[in-house]
Protein chains: 2
Amino acid sequence: MASIKDVANLAGVAVGTVSRVINNSGAVKPITRRKVEEAIQKLNYIPNEVARNFKMQKSKMVALLLPSIWNPFFSELAYYIEDELDREGFKLMLCNSGGKPEKELYYLDMLRQNKVAGIVGITYNDIENNVSNDIPIVSIDRHFNKKITCVTSDNYEGGRLALRELVKAGSRKPAFMGSVTSVFSETMNRRKGFVHEAQTLGVDVVIYEKPDPIVDEDAYFNEFLSEHGDVDGIFAITDMLAASYIERARKHGIRVPEDVKVIGYDGIQDHPYFHPILSTIRQPVEEMARMAIRLLYNKIEGKPLEQQVHRIPVIFKQGETT
Amino acid sequence: MASIKDVANLAGVAVGTVSRVINNSGAVKPITRRKVEEAIQKLNYIPNEVARNFKMQKSKMVALLLPSIWNPFFSELAYYIEDELDREGFKLMLCNSGGKPEKELYYLDMLRQNKVAGIVGITYNDIENNVSNDIPIVSIDRHFNKKITCVTSDNYEGGRLALRELVKAGSRKPAFMGSVTSVFSETMNRRKGFVHEAQTLGVDVVIYEKPDPIVDEDAYFNEFLSEHGDVDGIFAITDMLAASYIERARKHGIRVPEDVKVIGYDGIQDHPYFHPILSTIRQPVEEMARMAIRLLYNKIEGKPLEQQVHRIPVIFKQGETT
DNA sequence: CATATTCTTTGAAACGTTTCCAAAATAGTT
DNA sequence: AACTATTTTGGAAACGTTTCAAAGAATATG
């Protein structure tokens with residue numbers, strides 16, 4: 001592999017000059033530039049980005065740390081994140097933690113060693129204390145204390161919206177169905193908004209929550225179905241949970257939406273080929289992704305960020321289940 | 001940031017010694033090791049992986065170049081690839097090309113500059129000439145000439161299997177439905193296997209193919225539906241195409257599987273919550289991913305590879321559409 | 001105890017860049 | 001022509017590691 005030195009030799013100039021040609025920095029006479037460019041051509045020289053990163057003590061690598069790229073919500077997010085990063089010449093490193101605390105820490109450590117420029121983190125655990133100050137980090141849907149800026153959909157409004165839509169669709173006794181995740185997760189606001197709106201409207205609601213993760217789905221749903229036979233509307237905390245409920249309800253002879261209206265959260269279905277098409281609170285995935293990256297850029301450049309949490313509006317997407 | 005030099009100073013030894021402690025290379029007396037370890041502790045030193053990569057002239061970064069991580073088939077693949085890479089301490093860089101030739105080349109160039117250890121490529125274009133010899137590459141589902149090892153599901157057998165299953169399900173006039181992709185794509189073997197098996201069994205088949213990409217889906221399906229009313233079985237080249245067909249057929253009053261049996265290819269549905277549950281030829285995604293990475297490891301280590309193409313067996317997965 | 005042998009440590013070079021200061025070349029002014 | 005001011009170039013240091021030859025220390029051998 002030809003190096004900048006070889007180019008300098010062939011062109012009969014100093015390495016510094018070649019560097020200036022490559023980077024368009026500093027003045028260099030047209031004739032010198034031509035000589036250098038010819039040498040570059042002839043030697044098939046390409047700059048060594050690793051050496052450059054090393055020398056500059058910074059890279060253009062951003063890491064995305066999430067539970068699993070297999071999850072369609074995350075893969076859509078990753079798609080837009082990569083796209084936004086590429087616009088500024090940044091690269092994306094992908095880390096699947098499986099949501100396991102030890103793996104999250106392991107990756108965080110690795111990323112530090114690799115001196116990534118920044119991290120977008122979607123973690124199940126509080127990483128506030130395990131993340132060094134010298135590496136900017138933005139989280140999605142997780143709101144920690146200080147260092148970490150959070151981008152999230154407006155979960156609270158989403159919860160309110162879900163309740164209103166269920167009521168509008170005719171539900172008299174709606175239920176919130178979810179799991180109790182980490183206290184740092186913004187998703188609990190979905191429940192809060194839901195409950196608050198119910199109080200405002202004077203609607204009676206059921207809250208059904210079990211500790212996360214739900215290992216025994218059968219038990220989870222059986223308990224709900226036997227205990228809450230009078231519920232006629234469901235706001236499930238994710239689309240997958242909504243779909244899972246509908247499938248089981250069907251087997252119990254419950255029809256959706258005739259007997260029970262169902263609204264999910266996420267809006268992961270981008271193809272209308274599979275049924276039921278869920279009514280759902282759609283997260284603005286693209287906006288969240290781009291916003292997260294732009295905030296990260298600001299942090300990387302050392303600009304102060306006004307807000308701790310950035311909430312992006314959600315919309316209701318009508319499907320076949322309300 | 002503390003460097004190895006600071007550690008050496010504090011511990012009162014030479015940098016080389018610290019290096020040997022960190023890497024467990026060469027002999028170092030227990031007492032010296034302790035001193036060094038204490039200094040590391042005290043300074044909160046962590047090795048600079050970038051400097052290491054630079055010095056060693058190699059990194060543990062592998063790039064995955066694909067059209068879009070949003071596609072569920074690719075996101076599952078990426079999941080297993082990352083998992084397999086992580087087992088050996090490799091990291092994954094994700095590049096979405098959108099299938100655009102210029103973007104594929106742009107990324108290839110960038111990866112070269114960044115001296116990645118290897119590439120897993122799923123490209124729409126012939127990259128054989130644009131990939132340097134010094135960087136190992138394995139492709140998935142694309143079979144080029146020499147340099148690039150290919151991992152693929154056994155498309156040919158998949159095609160044969162699909163035909164047999166359609167016939168078994170009662171189809172008298174099955175059709176192959178697809179699009180003509182690059183000549184390098186292994187997917188055309190799905191058609192070949194399908195046709196060959198039909199000939200062997202003496203079954204009359206319809207081949208319906210349009211140039212890729214299909215821009216006007218309406219036209220694509222309308223033409224098929226009007227011209228091939230006698231078809232009673234479909235082997236669609238992907239699950240998405242199968243799902244799309246079923247949706248449109250339904251609107252035309254065609255029932256699946258009563259009137260037409262449908263088999264897809266991929267097996268992307270991992271949750272049985274959405275209907276129809278497709279009958280499909282399931283690609284062994286996990287095996288393909290792990291195989292690709294292990295072949296890449298061999299290439300990285302300079303081991304000669306016996307085979308050019310590695311075909312992994314597929315299985316038929318019964319759904320609701322046959 | 002002297003010497004040979006083995007084990008451990010040192011110190012410097014090298015990896016490919018960028019950047020900065022000084023030197024050289026050129027241009028501009030009298 | 002002699003200066004000065006400006007533009008362009010050269011050369012070296014620095015970034016944080018690894019590695020290797022050589023020196024130094026410890027241990028074994030007779």
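**Close-up views of a predicted two-chain model**

**View 1. Strand β2 of chain A meets strand β2 of chain B.** Residues 91-96 of chain A and residues 91-96 of chain B form these two β2 strands, which run antiparallel and are joined by three bridges. Look for M93(A), which stands opposite M93(B) in β2(B). As with everything shown here, this pairing comes from a predicted model.

**View 2. An open sheet of twelve strands takes in both chains.** Follow the order β11(A)-β5(A)-β4(A)-β3(A)-β1(A)-β2(A)-β2(B)-β1(B)-β3(B)-β4(B)-β5(B)-β11(B), in which the pairing is mixed. At the edges sit β11 (309-312) of chain A and β11 (309-312) of chain B, each pairing on one side only. From one strand to the next, the twist averages 25°.

**View 3. Strand β8 of chain B has neighbours in β6(B) and β9(B).** Four bridges link β8(B) to β6(B), residues 174-180, and the two run parallel. Here I234(B) is the bridge partner of A175(B). Strand β9(B), residues 261-266, also runs parallel to β8(B), with three bridges between them. In this pair, K261(B) of β9(B) is found opposite G233(B).

**View 4. Both faces of β8(B) are covered.** In a regular strand, side chains alternate between the two faces of the sheet. In β8(B), residues 233-236, G233(B) and F235(B) lie on one side, with I234(B) and A236(B) on the other, and all are buried.

Methods
Residues numbered from 1 in each chain as written. Chains lettered and ligands numbered in written order. Predicted model: local features only at pLDDT ≥ 70, side-chain atom pairs only at ≥ 80, totals over all residues. Buried ≥ 20, exposed ≤ 12 C-beta atoms within 10 Å, placed from the backbone. Pairing = 2+ DSSP bridges. Axes fitted to C-alpha atoms, helices over the stretch in contact; angles between N-to-C directions.
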